[in-house]
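Let's take a walk through this structure together. Have a look at it first, and then we'll go through what is inside and where the chains meet.

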Amino acid sequence: MTQRFSGTENYVATDDLKVAVNAAVTLRRPLLVKGEPGTGKTVLAHEIAKAIDAPLIEWGVKSTTKAQQGLYEYDAVARLRDGQLGDERVHDISNYIRKGKLWEAFTSPQLPVLLIDEIDKADIEFPNDLLQELDRMEFDVYETGERVAAKERPIVVITSNNEKELPDAFLRRCFFHYIKFPDGDTMREIIDVHFPDIQKRLVSEALEMFYKIREVPGLKKKPSTSELLDWLKLLLVEDMPLEVLQNKDPSKAIPPLHGALLKNEADVMLLERLAFMARRENR
Amino acid sequence: MLLNFLDELRSAGIRASLKEHLTLLEALDSDVIERRPEDFYYLARATYVKDEGLLDRFDQVFHKVFNGVFSELGEEQASIPEEWLRAVTEKFLTEEERAKIEELGDWDEIMETLKKRLEEQEGRHEGGNKWIGTGGTSPFGHSGYNPAGVRIGGESRDRRAIKVWEKREFANLDSTRDLGTRNIKVALRRLRRFAREGAADELDLDATIRGTAKQGWLDIRMRPERHNAVKLLLFLDVGGSMDDHVKVTEELFSAATSEFKNMEFYYFHNCLYESVWKDNSRRWSERIPTWDLLHKYGHDYKIIFVGDAAMSPYEIAWEGGSVEHMNEETGETWLKRVVDTYPAVAWLNPKAQRTWQYTQSTQMIRQIMGDRMYPLTLDGLDDAMRALSRKQG
């Protein structure tokens, strides 16, 4: 693989991210991505797939997901039912083996990108159960005695929101990248990519307001990149006049269309209270 | 060089192993990166560090080990951002010198003075250092100072003179981070123990298949649903000296309520006596006898006290020692009753651990608790949960 990942037209990658992705792609080790919610962890896998022109196989992990489900599932109930009905299919056990996402990725005709999304949502033992499979990229199907092995090691991207600690043995096999919250310049690049024809001044006013809100102490959920992009989209759709954003009157600390930025009523109230206090001081 | 780096990382508490080291070598061998110091830094970081809390420590070790190596490569020839220089002048030049230079108003002069000044600094601190000879080509290649201490205006990427690892961007992610609700939840999760209890309302597929194969007819087996079976009884100290710790206690409380289904909580003041209460606004009218609690909640409940344990020793050891009412039995008696009834007890103390030894009452309570007092920090909480979930003999 001589191709290097360097972001795409829709995704701004920082230098450290590029190095981590290229290392993971070249050595075919899983890449573990952490970061604040909304900083583009899941999107990264989509963009890697797009950049190297590979199909993306997504495995969204939930609290009930078992590692085995990623390999295969044996549908015993269906077989039981067929057996009672006297269906012919019942004689071949492989009719009741359902392929999981890992199997799909291992046998994909074209080199795929496998995204294991939010691995921390699952049970604490989940990553341990996948150790061997991700390390050797092969597993056995006990019901049929078949061995599924990857022709070529797929590119694996794993995201985590840090809700559970991942086991050491698992971490040792991964490259790790922490997406930190983008600084002002990177943010401008990101916005350029998403809204190429947005007015320059609108962006800078909006950004200023955005970072100010992030700095308000005590916010339960700070707005992140994805919220900023949503907000900008709304501002564009609503055709918000520039003056509204430029209004530096502290008594109007609540930004227009704040619903896109603040997702928590306690936070909205906090801002309103700050605005109220600013009004009182001015009097 | 690289092995030395691995040693340094390990002694700094980053648990990198040979596995990671080999991965790094493999990556270097297969030319994953271009030959730039920054890329090497990024690659090493992605390989060795698996926890954003350790990123800052990694930056420091990287700086320590590779400091000087890269300047030997002539990296410093690159352009140096002006704001950085300004910051450095502020740090290394005296008030008068700055005024004088500003009078001259010539940036080159400032650079020149700064250079001399830095060389002096270097000479004083590490006389005979080899960098003085080789560093002559560039103004600031001696690296005798730590730019982390200099406030750099604006975070500019890709300016090569400020090395990325010296910026220490991840400093505030280190484990001194705030004890947020989410962090507490993660710590509390240690206490989870899943068990199947109650009505059998879930199909047990494995047992059904096994039963069917054995019997020869369809043998449906059911089982109860799996849920967190840990039961928790929380005693919270309110009022007085606890007012300083309201926020952290609140966070612990909100995390605990969402994490455990079987959780009960009661309030007390300073020390546990014959009654507790559930509602702080009616604490005088609606009291619940502590005896009732001991009888009501089985010994499989886990008890957590949250309090600063700071009071006068009389409040623990004397009858009638309570500051609020006439207690017929000592606080110690009541605490001991709880400790004797429940095998799993822990006391979480929001005060810093180093201050405990100066408060007699803290020592006393710690003794009553059988040394099971833990600071209300992430690590302390972790230890407490580990102790609580240990199998009680």
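## The cores

The largest nonpolar core has 67 residues, and those with the most contacts inside it are A:Ala20, A:Leu31, A:Ile48, A:Val157 and B:Leu43. A nonpolar core here is a set of buried Ala, Val, Leu, Ile, Met, Phe, Trp, Tyr and Cys residues joined through C-beta atoms within 7 Å. Buried means that 20 or more other C-beta atoms lie within 10 Å of a residue's own, with C-beta atoms placed from the backbone. Helix α1(A) gives the most to this core, with seven residues. Helices are DSSP runs (H or I, at least four residues), strands are E runs of at least two, and both are numbered from the N terminus.

Zoom in on A:Val157: leaving out residues up to four places away in sequence, it touches A:Leu31, A:Val33, A:Leu44, A:Ala45, A:Ile48, A:Val113 and A:Leu115. Touching, or being in contact, means that the C-beta atoms, placed from the backbone, lie within 7 Å.

## About the model

This is a predicted model: local features need pLDDT of at least 70, side-chain atom pairs count only at pLDDT 80 or more, and totals for chains, interfaces and linings use all residues. Residues are numbered from 1 along each chain as its sequence is written, while chains are lettered from A and ligands numbered from 1 in the order in which they are written.

## Where the chains meet

The contact takes 25 residues from chain A and 29 from chain B. On the chain B side, α2 (18-29), α3 and α12 (205-215) each give two or more residues, and α3(B) gives the most, with seven.

Contact is made by A:Asp15, A:Asp16, A:Val19, A:Ala20 and A:Ala23 of α1(A), together with B:Glu38, B:Asp39, B:Tyr42, B:Leu43, B:Arg45 and B:Ala46 of α3(B).

## Chain B overall

Chain B has 18 helices and nine strands. Of its 393 residues, 28% count as buried.

Conventions: Contact = placed C-beta atoms within 7 Å. Buried ≥ 20, exposed ≤ 12 C-beta atoms within 10 Å, placed from the backbone.
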